[in-house]
Amino acid sequence: MNHVPEAEWVAYLADEIPEALKIEYENHLYSCDKCLSAYMEAMEIEEISQGIEGFDIDIAGPVMDSISRLKVGSVEGEKQHRKEKSLRTITRHYLIAAGFTILLMAGGVFQSLTEYMDSVESSSEKETQSLTEGLIDKTFNWMETIEKKNKEGFRNE
């Protein structure tokens, strides 16, 4: 027997073929793996088609539409809620920062901080001046000792 096409297996499952041919197909299934797989595929197609026929499409469409509307509505509502929450958070942080700034200004923290920075700068300038002056003094002392040695050397000769 030749292989049975899938359309014939669909007809077999729908009980649309003669009884003698059914027996012949069933006997063929025992010996042919290819036809067995075609038969299995035909069964799956038949189950799917029965499942779709049993499902009321008129109800599914409106339900899916209402679900999609709820999702769109909830997404837009969620976006609006996030924007409002973000604005509230930014406003709250701004007010807290402004309050701390006013509090620090009233307490004189910024003024004392600038005074401290001025004192640090002036002390560092003094240190650099004293270092420079020290180098100049050492240089002059070294030059004076050289001059003294030279004068003493001339005297001894």
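This is a predicted model: local features need pLDDT of at least 70, side-chain atom pairs count only at pLDDT 80 or more; totals for chains, interfaces and linings use all residues.
Helix α1 covers residues 6-13, and its buried residues are W9, A11 and Y12. When the helix is viewed down its axis, these buried residues fall within an arc of 160°, so they line one face of α1. After α1 comes D15, a residue whose phi is positive, near 60°.

Within helix α1, W9 and Y12 are three residues apart, which separates them by about one helical turn. The count of aromatic pairs in the model comes to four, and the rings of W9 and Y12 make one of these pairs, which is edge-to-face because the planes stand at 85°, where an angle over 60 degrees counts as edge-to-face. Y12 also forms an edge-to-face aromatic pair with Y39. Since Y12 lies in helix α1 whereas Y39 lies in helix α3 (residues 33-54), this pair ties together parts that are 27 residues apart in sequence.

The two pairs can be set side by side as follows.

| Pair | Centre to centre | Angle between planes |
|---|---|---|
| W9 and Y12 | 5.6 Å | 85° |
| Y12 and Y39 | 5.9 Å | 65° |

Taken together with Y25, the residues W9, Y12 and Y39 form one aromatic cluster.

Terms used:
Residues are numbered from 1 along each chain as its sequence is written. Side-chain values use heavy atoms; hydrogens and water are left out. Buried means under 20% relative accessible area, exposed over 50%, partly exposed in between (1.4 Å probe, protein chains only). Helices (H or I, at least four residues) and strands (E, at least two) are DSSP runs, numbered from the N terminus. The arc is that of the directions from the helix axis to the C-beta atoms. Rings of Phe, Tyr and Trp (its six-membered ring) pair if their centres lie within 6.5 Å; planes under 30 degrees apart count as stacked, over 60 as edge-to-face and the rest as tilted.
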